[in-house]
Amino acid sequence: MTQMLYIVAPWIGLGVLSILWFRALLRGRDLQRQLRECRQQLDDLDASQAAGCAVLPEDIERYKRSQYFARIGTWDWDIDTEKLYWSDAIYPMFGFQVGEVVPSYERFCASVHPDDRAQVRAGELRCIETGENHDEEYRVVWPDGSIRWLRETGNVVCNNQGVAVKMMGVVRDITEEKAWANQLQSLAHNDALTGLPNRLVLEQRLALALEKARETNTRVALAFLDLNDFKVINDCKGHAIGDQVLMFTAKRLKQMLRPADTVARIGGDEFVLILEGFSPGLGLEEEVRLICSNVIESLAFPMIISGELFQVGTSLGVAIYPDHAASMDTLIHLADLAMYEAKRSGDNQFRVAATGA
């Protein structure tokens with residue numbers, strides 16, 4: 001069962017990630033297209049004015065609307081003064097109505113998240129001193145306290161002596177892009193239902209735990225846990241109740257473990273615990289057995305879900321590094337075998353892998 005989950009679960013996750021990644025890619029390309037169109041419209045207006053052609057009010061209004069709906073605005077700042085220009089599309093990016101405030105460099109700096117101000121200022125100075133393109137992502141704090149993400153690009157305008165006197169550029173709201181990126185990151189590393197680390201993160205943390213144990217001459221206990229009665233609940237009460245049982249189990253496991261320990265869900269009703277920092281010695285297995293007993297006792301306590309009482313049985317199998325295995329793969333295999341041995345023995349049982357197995 002575990003081996004099959006190891007094979008199937010990552011492919012399911014990859015399918016979801018692929019869909020989300022594709023959506024994010026399309027949105028990113030759409031925003032890039034909108035940005036190019038906005039810049040082209042600005043260039044067209046400038047070219048018309050430079051050629052002495054009249055710029056019609058409807059052209060200006062069309063340009064403003066395209067900026068607003070694309071959430072892309074233009075700005076320019078006189079470097080030696082506080083004078084700052086915002087196009088209409090920028091005001092709502094900072095939480096204001098158009099014309100509600102007078103833009104200034106001081107107001108801009110006050111709106112940037114305190115943790116991002118130094119980064120934004122350093123980017124401006126680098127652009128002014130070197131002429132490199134200005135390209136920064138930063139957070140702004142709205143008057144109501146909410147946080148938004150913006151991306152600002154631009155460059156300097158120099159006078160006849162080659163001295164930078166102005167910065168000009170565009171800014172766009174990338175809050176939704178950041179949310180997509182965070183969701184992708186979460187799905188790549190966490191179980192979607194319980195929020196626990198997934199198999200990928202489990203293996204990464206186990207590898208680090210074993211490396212630390214080698215350096216400090218300590219022990220790592222790897223425990224595989226299976227809910228014996230989960231299938232009956234899931235089949236009789238439905239997947240919604242089954243999901244609640246799994247989330248309840250995840251919460252209990254997180255609450256009872258130490259901050260340094262890891263609990264992961266690898267699929268279905270199987271969880272894995274990484275318990276670190278055990279000292280070698282005769283009392284090691286007894287200490288591990290005590291933890292197993294506490295886990296089983298905690299999970300055996302009835303759960304109240306949607307007004308009903310539910311109780312699940314638990315099977316737990318443990319392998320200890322390096323006493324039972326010196327490699328990660330063998331340790332996983334032995335813990336898995338010990339769990340199945342416990343399962344065959346009845347509800348609420350645990351087994352420790354045999355030394356030298």
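Analyst: Glu137 is partly exposed, its relative accessible area being 32%. In this predicted model, the side chain of Glu137 forms a salt bridge with Lys178, and the closest N and O atoms of the two are 2.9 Å apart. Lys178 belongs to helix α5 (residues 175-189) and Glu137 to strand β3 (residues 134-141), so the pair ties together parts that are 41 residues apart in sequence. Lys178 also counts as partly exposed, because its relative accessibility is 25%, which falls between the limits of 20% for buried and 50% for exposed.

This bridge is one of 19 that a search of the whole structure finds. Side chains of opposite charge can pair when their charged atoms come close. A further group is a network of salt bridges that links Asp76, Asp78 and Lys166.

Asp76 is buried, with a relative accessible area of 18%. Asp78 counts as buried as well, at 19% relative accessibility. Since buried means under 20% relative accessible area, Lys166, at 21% relative accessibility, counts as partly exposed.

The nonpolar side chains complete the setting. In soluble globular proteins, nonpolar side chains tend to be buried together. The largest nonpolar core has 33 residues, and those with the most contacts inside it are Leu225, Leu227, Leu253, Phe271, Leu273, Val288 and Val318. Among the elements that each supply at least two residues of this core are β6 (219-227), α8 (239-256), β8 (270-278), α9 (284-300) and β11 (314-321). Helix α9 provides the largest share of this core, six residues. Beyond its neighbours within four places in sequence, Val318 is in contact with residues including Ala221, Leu222, Ala223, Val288 and Cys292. A second, separate core of 23 residues includes Ile79, Phe108, Val140 and Met167.

On the surface, Val157, Val163, Val165 and Met168 form a nonpolar patch, with about 270 Å² of accessible area together. One of these residues, Val157, is placed in strand β4 (residues 147-158). Val157 is partly exposed, its relative accessible area being 33%.

Finally, the confidence of the prediction should be noted. The chain averages a pLDDT of 82, and 79% of the residues score at least 70. Over residues 1-14, however, pLDDT stays under 50, and for this stretch the model has 22 contacts beyond four places in sequence.

Key: Residues are numbered from 1 along each chain as its sequence is written. This is a predicted model: local features need pLDDT of at least 70, side-chain atom pairs count only at pLDDT 80 or more; totals for chains, interfaces and linings use all residues. Side-chain values use heavy atoms; hydrogens and water are left out. Patches are made of residues with over 30% relative accessible area and no salt bridge: like charges are joined within 9 Å, nonpolar side chains (Val, Leu, Ile, Met, Phe, Trp, Tyr) within 5 Å. Accessible areas come from the Shrake-Rupley method with a 1.4 Å probe; for residues, only the protein chains shown count as cover. A salt bridge is a side-chain nitrogen of Lys or Arg within 4 Å of a carboxyl oxygen of Asp or Glu. Helices (H or I, at least four residues) and strands (E, at least two) are DSSP runs, numbered from the N terminus. Buried means under 20% relative accessible area, exposed over 50%, partly exposed in between (1.4 Å probe, protein chains only). A nonpolar core is a set of buried Ala, Val, Leu, Ile, Met, Phe, Trp, Tyr and Cys residues joined through side-chain atoms within 4.5 Å. Contact means heavy atoms within 4.5 Å. pLDDT is the predictor's confidence in each residue, from 0 to 100.
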